[in-house]
Amino acid sequence: MEDLEEIKRYAKENFVPIVRDKTAEELCRQAGKCQSILEIGTAIGYSGLLMLTCSQANLDTIEKDDGRAHLAQENFKKFGYQARVKLYNEDAYAVLERLVEQNKKYDLVFLDGAKGQYIKYLPLIKRLLSGGGTLFADNINLLGLVKGEEKVPHKYRSMVNNLRKFINALESDSDFVCRFYDIDDGFVICKLKA
Ligand SMILES: C[S@@+](CC[C@H](N)C(=O)[O-])C[C@H]1O[C@@H](n2cnc3c(N)ncnc32)[C@H](O)[C@@H]1O
């Protein structure tokens, strides 16, 4: 059995952003209760492998970067998980639209792709969650910039604005019950009412 720590080390050495440790612990806990998981933002498969290890679930996961998707596929194989994983090496929005058309449903959606796109994905994710399903979105504090009072550097401005819209949308949607965590880079766990 391959070691998750090795994948983590590779990610760090190669500047691939992966879920942080305390967030990973909570993600593992959430995944453990699920049969079907959708992940947006595979990178090299670290969080996917974690969720597969913590559960008996099947995983659909989306990564647009060819090199990362290839490495992720290799990693899923090395762990012997290929039968439980479907990797879409495509843009997430197009895949989400297709999954909605196919009437797919997931117990858990782990949202960890482009931070500026979370708000755009939300209506599709809502349609993909089973009743009582869980949305877990990472990096919602984005280096402290989302809640901060100080001027946001130009390169983060649209990302931060879109994350604020995403948080407002979750807070004002009575179909979701959300809890926000100021742990690592901030994450939110929302349950869709059954
Ligand atoms: C934070 S990383 C994912 C880390 C991974 N979940 C983990 O913890 O191991 C975000 C990934 O989303 C991918 N991504 C960004 N925009 C995307 C898009 N529009 N469609 C699909 N993947 C995208 C990036 O290439 C990157 O690998």
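Student: Which residues does leucine 111 touch, not counting residues up to four places away in sequence?

Tutor: Bearing in mind that this is a predicted model, leucine 111 touches Ile40, Tyr118, Tyr121, Ile125, Leu135, Phe136, Ala137 and Asp138. A contact here requires C-beta atoms within 7 Å. Leucine 111 also belongs to the largest nonpolar core, which has 56 residues, and together with Ile37 and Val109 it touches the most other members.

Student: What makes leucine 143 partly exposed?

Tutor: The class lies between the limit for exposed residues, 12 or fewer, and the limit for buried ones, 20 or more. Leucine 143 has 13 C-beta neighbours inside 10 Å, so it counts as partly exposed. Leucine 143, which is placed in the loop between E5 and H7, also has a positive phi of about 60° although it is not a glycine.

Student: How do you know that alanine 43 is buried?

Tutor: The cut-off for a buried residue is 20 or more other C-beta atoms within 10 Å, and alanine 43 has 23 of them, so it is buried. Alanine 43 lies in the loop between E1 and helix H3 (46-53), and its phi is near 50°, a positive value in a residue other than glycine.

Student: Which residues of H7 are buried, and what puts them on the same side of the helix?

Tutor: In H7, the buried residues are Val160, Leu163, Phe166, Ile167 and Leu170. They cover an arc of only 115° around the axis, which means that they are on the same side of H7. On the other side of H7, Ser158 and Asn168 are exposed, while the buried residues pack against helix H6 (118-128), strand E6 (176-181) and strand E7 (187-192).

Student: Which residues of H6 are buried, and how do you know where they lie around its axis?

Tutor: The buried residues of H6 are Tyr118, Tyr121, Leu122, Ile125 and Leu128. Their arc around the axis is only 130°, so they are on the same side of H6. What covers these buried residues includes strand E1 (36-40), helix H5 (92-101), strand E4 (106-111), E5 and H7.

Definitions and conventions:
Residues numbered from 1 in each chain as written. Predicted model: local features only at pLDDT ≥ 70, side-chain atom pairs only at ≥ 80, totals over all residues. Helix = DSSP H or I, 4+ residues; strand = E, 2+ residues; numbered from the N terminus. Arc of directions from axis to C-beta. Contact = placed C-beta atoms within 7 Å. Core = buried A, V, L, I, M, F, W, Y, C linked by C-beta atoms within 7 Å.
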